[in-house]
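Reader: I'd like to go through this one label by label. Could you show me the model and then tell me what backs each term?

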Amino acid sequence: MIVALFEDECYENFLPLTHTRPVFELRSGVFTFLQRVETMFKDSRLLLFTRDFLMPTLKHRSRHPVNDLEQIDDDVLLVNASLIMDEQTSRLIKEKSGKSVAMKQEGRLVYASLSEKAAKKHGPDFLKSTNNTYLKRILKDCKLLRTRDLPLINYPWELVDKCPE
């Protein structure tokens with residue numbers, strides 16, 4: 001399975017912090033969002049999807065492929081970059097995930113579990129994930145679940161308020 005982190009339209013809520021870095025490079029406590037996902041999904045490959053102008057710099061800093069749709073050769077767990085991945089959240093995602101399942105919270109896509117075929121079909125939408133219209137296309141092919149309890153960050157002060165450590 002491939003775990004793909006994406007930024008949604010709420011990256012704008014973190015400006016100016018997100019002018020020079022994607023949301024998944026922000027820290028909440030000691031770790032970045034990316035480091036938390038790496039820890040919880042050790043056996044999975046990671047793909048990163050970010051805004052185009054950040055891609056060249058991020059490719060140099062990251063050991064993971066960036067905005068590279070050709071890397072999709074397996075089922076994909078598409079995860080919102082502003083989700084604080086802890087043990088409880090990881091367990092919930094693994095329990096609820098099946099092929100073509102998506103979870104939303106307060107109108108935002110938290111994650112979507114997609115087959116390889118669906119991931120390839122929607123790959124171009126991953127590159128435009130900062131526009132909610134494109135994320136809605138992904139949801140059309142998924143069983144939709146809703147939640148209110150996941151640590152999905154909306155504003156900079158929540159980086160401290162919802163810090164798991």
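Predicted model: local features only at pLDDT ≥ 70, side-chain atom pairs only at ≥ 80, totals over all residues.

Reader: How do you know how confident the predictor is overall, and which elements have the lowest and highest mean pLDDT?

Author: pLDDT runs from 0 to 100, and the average here is 87, with 95% of the residues scoring at least 70. Among the elements, helix 5 (residues 132-139) has the lowest mean, 73, while strand 4 (residues 45-49) has the highest, 94.

Reader: Why is N67 called buried?

Author: Buried means under 20% relative accessible area. N67 comes in at 11%, so N67 counts as buried. You'll find N67 in the loop between helix 2 (55-61) and strand 5 (76-80).

Reader: And why is E106 called exposed?

Author: The cut-off for exposed is over 50%. E106 has 61% relative accessibility, so E106 counts as exposed. E106 is in a loop too, the one between strand 6 (101-105) and strand 7 (108-114).

Reader: What makes the backbone at N67 and E106 worth a remark?

Author: It's phi. N67 is not a glycine, yet its phi is positive, near 50 degrees. E106 isn't a glycine either, and its phi is also positive, near 50 degrees.

Reader: What makes the peptide bond from L15 to P16 cis?

Author: Look at omega: the value for that bond is near 5 degrees, and the bond is cis. P16 sits in the loop between strand 1 (2-6) and strand 2 (27-28).

Reader: How do you know that strand 6 and strand 7 pair, and in which sense do they run?

Author: Two strands pair if there are at least two bridges between them. Strand 6 and strand 7 have five, and they run antiparallel. Q105, for one, stands opposite R108 in strand 7.

Reader: What makes strand 4 and strand 8 edge strands?

Author: Start with the sheet: it is open, with six strands in the order 4-1-5-7-6-8 and mixed pairing. Strand 4 and strand 8 (143-147) each pair on one side only, and they are the edges. On average, neighbouring strands of this sheet are turned by 20 degrees against each other, direction ignored.

Reader: What makes strand 5 mostly covered, and which way do its residues point?

Author: The burial cut-off is under 20%, and five of the five residues of strand 5 are buried. V76, L78 and N80 point one way, L77 and V79 the other. In a regular strand, side chains alternate between the two faces of the sheet.

Reader: Which strands do helix 1 and helix 4 lie across?

Author: Helix 1 (residues 33-40) lies across strand 1 and strand 4, at about 155 degrees to strand 4. Helix 4 (residues 116-126) lies across strand 4, strand 5 and strand 7, at about 145 degrees to strand 7.

Reader: How much space lies in the largest pocket, and what lines it?

Author: About 190 Å³. Eleven residues line the pocket, and Q88, T89, L92, D149 and L150 are the closest to its centre. Helix 3 (residues 87-96) gives the largest share of the lining, four residues.

Conventions
Residues numbered from 1 in each chain as written. Heavy atoms only, no water. Helix = DSSP H or I, 4+ residues; strand = E, 2+ residues; numbered from the N terminus. Buried < 20%, exposed > 50% of the residue type's maximum accessible area, 1.4 Å probe, protein only. Axes fitted to C-alpha atoms, helices over the stretch in contact; angles between N-to-C directions. Contact = heavy atoms within 4.5 Å. 1 Å grid on protein atoms, 1.4 Å probe; cavity = no way out; pocket = protein on both sides within 12 Å on 5 of 7 lines; lining within 4 Å. Points joined across faces, edges and corners; volume = space filled by probe spheres on them.
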